[in-house]
Amino acid sequence: MVDLVSQYEKIKPEIDKKLSEIMSSASFINGPEVKEFQTELENYLDVKHVIPCANGTDALQIALMALGLQPGDEVITSDFTFAATVEVIKLLKLTPVLVDVERDTFNISIDAIKKAITPKTKAIIPVHLFGQCSNMDDIMAIAKQHQLYVVEDTAQAIGAKFISKDGWTKSAGCIGDIGTTSFFPSKNLGCFGDGGAIFTNNDELATTLRSIVNHGMGKRYYYDRVGVNSRLDSMQAAILRIKLRQLNSYIENRQKAAKYYSDFFSQIEGVEVPTISDFSTHVFHQYTLKIKGINQFEAQEFMKEKGVPMMIYYPMPLHTQKAYDADKYNHSDFPITNELCECVVSLPMHTELDEEQLAYITSSLKAYLTK
Ligand SMILES: *Cc1c(COP(=O)(O)O)cnc(C)c1O
């Protein structure tokens, strides 16, 4: 699905040199690389504050902690996403309210959000799934009307741009109150281990977030609140600095591969290629097809025999998961997610795909679909 070895080969001299410098200096935690990375990412995203942390799941948890939500407060999020988003809501004893998604973008449904709002609703977490933004114009309007916080889960969409109908453009994750991301190796900006970050344009929230990632400390050894220990280490920050300089070209490579796939599969009966909405660029963390009547697991097995990895993101709606109160939902309230879970397949998507590989992948799947 990803080729991190070839990607590393291209930047190996720079990375190896930097890592050996850090090892010689033994400045592993809170070293200058972390601060430099923070500033460079702030500039790249055009956001006031970046707070590095240990991973994308922590980033979400810390964001919700900073908003001061109380047990029982309801947080609306997408039924069709990676479990981390809903996991942290539950961990903080908040009440997740899962809602259906839009069929074309896979992102949280605006109508479904409106229907799910109650007097207990305190926040919305849109997940910018597979690399393109949710409809932030509508989400921010709903949030304003009902006085809700918005936390953008940008783990899959760093570098994507939201294009408002009011004429402005902003980076994914920098529109709501707080944005979060992950630097897990296979993400669009990945390090060589775990890493994450939190974004905000709000000075007060930034101060709270910085305190929470550092045990709730304000002044040294004065603890203002209960926090956590969530750090990005110097080696990961150094790797991310090098890769951040490549991020735009990495995104272009992904977009080129996506275009190859879409040109090919839009010619095939029963296959729906990803939609690029007019309010967002698409950075293609995943390239996901909808295929009518497909047996996804059989197709996956067929592709595996051809040597092509293919994944099913996601095979099961979160509202059917035992851990997330499956019994409180009506299955029929999630027609789109239910349908998507039965028809989506994701093809290999990364920065190193060449024409030969793309031709092989597409013809392999075509062979399955036309057999
Ligand atoms: C990867 C991911 C996360 C979690 O990131 P980690 O760094 O693995 O903790 C959260 N949300 C979404 C949508 C993700 O894809």
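In helix α3, the buried residues are Gly56, Ala59, Leu60, Gln61, Ile62, Ala63, Leu64 and Ala66, where buried means under 20% relative accessible area, exposed over 50% and partly exposed in between, with a 1.4 Å probe and protein chains only. This is a predicted model, in which local features need pLDDT of at least 70 and side-chain atom pairs count only at pLDDT 80 or more, whereas totals for chains, interfaces and linings use all residues. Residues are numbered from 1 along each chain as its sequence is written, and side-chain values use heavy atoms, with hydrogens and water left out.

**Helix α3 and its ends**

- Helix α3 spans residues 56–66 and is mostly covered, with 8 of its 11 residues buried; helices (H or I, at least four residues) and strands (E, at least two) are DSSP runs, numbered from the N terminus.
- The N-terminal end of α3 is capped by asparagine 55, which places a side-chain oxygen 3.0 Å from the backbone nitrogen of threonine 57.
- After α3 comes glycine 68, which has a positive phi, near 65°.

**Ligand site**

- Around the ligand stand Asn55, Gly56, Thr57, Thr81, Phe82, Ala84, Val127, Asp153, Ala155, Gln156, Ser182 and Lys187, each counted as near if one of its heavy atoms lies within 4 Å.
- Asparagine 55 has a polar side-chain atom 3.5 Å from an oxygen atom of the ligand, while a side-chain N or O atom of threonine 57 is 2.5 Å from an oxygen atom of the ligand.
- Lysine 187 also reaches the ligand, with an N or O atom of its side chain 3.0 Å from a ligand oxygen atom.
- The ligand taken alone exposes 380 Å², of which the protein buries 91%, the areas coming from the Shrake-Rupley method with a 1.4 Å probe.

**Nonpolar cores**

- The largest nonpolar core holds 43 residues, and Leu41, Ile113, Phe183 and Phe199 touch the most other members; such a core is a set of buried Ala, Val, Leu, Ile, Met, Phe, Trp, Tyr and Cys residues joined through side-chain atoms within 4.5 Å.
- At least two residues of this core come from each of α2 (32–45), β3 (95–99), α5 (110–116), α6 (136–146), β9 (196–200), α8 (234–244) and α9 (247–265).
- Domain 1 and domain 2 each contribute at least three residues to this core.
- Apart from this core lies another, of 26 residues, including Ile51, Ala66, Ile125 and Ala206.

**Domains**

- The domain assignment of the chain gives domain 1 (4–99 + 107–244) and domain 2 (248–369), with bounds that come from an automatic or database assignment.
- The centres of domain 1 and domain 2, taken over C-alpha atoms, are separated by 25 Å.
- Between these domains, the contact takes 38 residues from domain 1 and 34 residues from domain 2, contact meaning heavy atoms within 4.5 Å.

**Two buried loop residues**

- Histidine 285 sits in the loop between β10 (271–272) and β11 (287–291), and it counts as buried because its relative accessible area is 6%.
- Not counting residues up to four places away in sequence, histidine 285 touches Phe130, Gly131, Gln156, Ser186, Lys187, Asn188, Arg254 and Met349.
- Cysteine 133 is placed in the loop between β4 (121–125) and α6, and it counts as buried because its relative accessibility is 0%.
- Leaving aside neighbours within four places in sequence, cysteine 133 is in contact with Asn107, His128, Ala160, Lys161, Phe162, Ala172, Phe279, Ser280 and Thr281.

Methods. Polar contact = N/O pair within 3.5 Å; in protein donor to acceptor, adjacent residues only side chain to side chain.
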